[in-house]
Structures are given as structure tokens and as C-alpha cells.
Amino acid sequence: MTTLTFLGTGNFLAPGRYWNGFVVDGTVLVEPSPTALPHLRRCALPAERLDVVVISHFHADHTFGWPFLLLEVLSRGRDRPLFVVGPPEVEAFLATMMGVAGVPDVQEHAHALLDLRYVEVDLSWQQAGPLRFRAVEVEHVPYLRCFGYLFDGGGRTIGYSGDARPCPGLDELAGASDVLVLECNGPHPSPKTHMEIEDVKTLRDRFPGVPFVLTHLGHGVDGAGIADVVVPEDFQTIDLG
């Protein structure tokens, strides 16, 4: 059984929804959004029970919950490693964030008391604790390297687009997935940096057998009229069977 619990399903502006992020099988947090910690609590998913934190890219809506999450894990303690998966230089980026947040002492204590292991993506199949995954580079904004992921879900592959516009990497993810968690930001000014509903329809036409779960949603986005599309609400758990 694989479950996805959505801590939020909204885009950067969070229009009536909280920032995007979800938990796979209660142990893998995908995107430590600014509201990840209180929403983990609301969904009865203790932060100290997480084994892996996955980051797709370094935008604020995907990362700014890290200081609070790390402090929670530090205060609760744990007896096994915590893996952090992300783009190249993820450890340095998060260390800088802790300094900007004014809590370098938390950073120091966490690295002294916890077994934190950073895994930079390299586009091959990799292992981070219990999670087997492969990153796929996608196009989002020109000044950041951005990644989607394939997660080995024990007999099925769960894809996640991260933030992406239509691009070869997104096609690669869709083609390799048994189910794809796909961003749909809604109408977006040029130059395009996100998916719109018409892009989702086009992707569906090319990959008709892959169920889509839409997230990172803009205002008014829904999947009406698109086959095999689920649009979850914040705090909803989806059972993939």
C-alpha cells in the first residue's frame, strides 16, 4: 500500500490553499514548505518519524519550513539517520537558510546530535535510507536547477514533477510513472514557468494510461473533463492501493 498525505496543494501565492507538500507512507516528506510542521501535526504525522525529506528546488514555498522542522526533530530526538535529498549544494543552501533565520545554534546542535545525511541528486537511481529514487531535471526558471522525482513505491513508480513547465524532463517522468503527482499552477504570464490546465490535457493525450494527481494549484484549477485526474484537498490522504 502507498499513501500520499497532502499537507498543502497550493502554489507560491497559496490562493485559498496552503503551500504544496506531501508525505509518502508517513515517512517521506516531499517539500518542507513554510507550513509543513503544523500540518504534519494536524495530520498526526510526527516529524521525528520521518526518514527522508525531499526538496525539488530552492524556492521559498518549497524550503522555508526547514528551520522549524529541524528544530522539532532536534527537540524530539531520534535514533536513526535523517536523509535530506535535494539539488546540488543542498546542504550549503539549508545551512545558509538557518543563518538567515537567525538560528545558527540550531544548525550546530542538529549536526552535533542528529545523524543528518545529505544526498545530492545525480540523475541515477539512488538510495536515501528506505527510499529508492531517481531525480529527473526539469525546466522551471532559468536561474535554478530544478528536479522532478521518481519514487520506487514497492512495485509501482510514483512520479513527482516538482515545479515545471512542459519540457522533455516532464515527459520522461510521465513515461516512467505509474502515477504522476503533477503541478498545475494555472494561467501564468510569459515566459511560461509552470503548467497550465491545457498543458495537463496535452500531457494526458501523450500519456493516456498514467493517472495524474494535481498539486501546486493556482486559483480555480480543477481537473473537470480530464480523464483519470484527481485534485486533492489540503490534508487529504490518497490511497494508491
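How many aromatic pairs does the count come to? In this predicted model, the count comes to 6 aromatic pairs, taking rings whose centres lie within 6.5 Å.

One of them joins Tyr18 and Phe235: the ring centres are 6.0 Å apart and the planes stand at 55°, so this pair is tilted. Tyr18 belongs to the loop between strands E1 (3–8) and E2 (21–24), while Phe235 belongs to the loop between E13 and strand E14 (237–239), so the pair ties together parts 217 residues apart in sequence. Tyr18 is partly exposed, with a relative accessible area of 38%.

Phe58 and Phe93 form a stacked pair, with 4.0 Å from centre to centre and 5° between the planes. Phe58 sits in the loop between strand E4 (52–54) and helix H2 (60–63), and Phe93 in helix H4 (residues 90–100), so this pair links parts that are 35 residues apart in sequence. Phe58 counts as buried at 17% relative accessibility, whereas Phe93, at 23%, counts as partly exposed. Elsewhere, Phe6, Phe22 and Tyr160 form one aromatic cluster.

Helix H7 (residues 197–206) has Asp199, Val200, Leu203 and Arg204 buried. Seen down the axis of H7, these buried residues fall within an arc of 145°, so they line one face of the helix. An α-helix has 3.6 residues a turn, so residues three or four places apart point the same way. The buried residues of H7 pack against helix H6 (168–176) and strands E11 (179–183), E12 (212–215) and E13 (229–230). Arg204 has its charged end over the ring of Phe212, 4.0 Å from the ring's centre.

Terms used:
Residues numbered from 1 in each chain as written. Predicted model: local features only at pLDDT ≥ 70, side-chain atom pairs only at ≥ 80, totals over all residues. Heavy atoms only, no water. Buried < 20%, exposed > 50% of the residue type's maximum accessible area, 1.4 Å probe, protein only. Helix = DSSP H or I, 4+ residues; strand = E, 2+ residues; numbered from the N terminus. Arc of directions from axis to C-beta. Contact = heavy atoms within 4.5 Å. Phe/Tyr/Trp six-rings, centres within 6.5 Å; stacked < 30°, edge-to-face > 60°. Lys NZ or Arg CZ within 6 Å of the ring centre and 35° of its normal.
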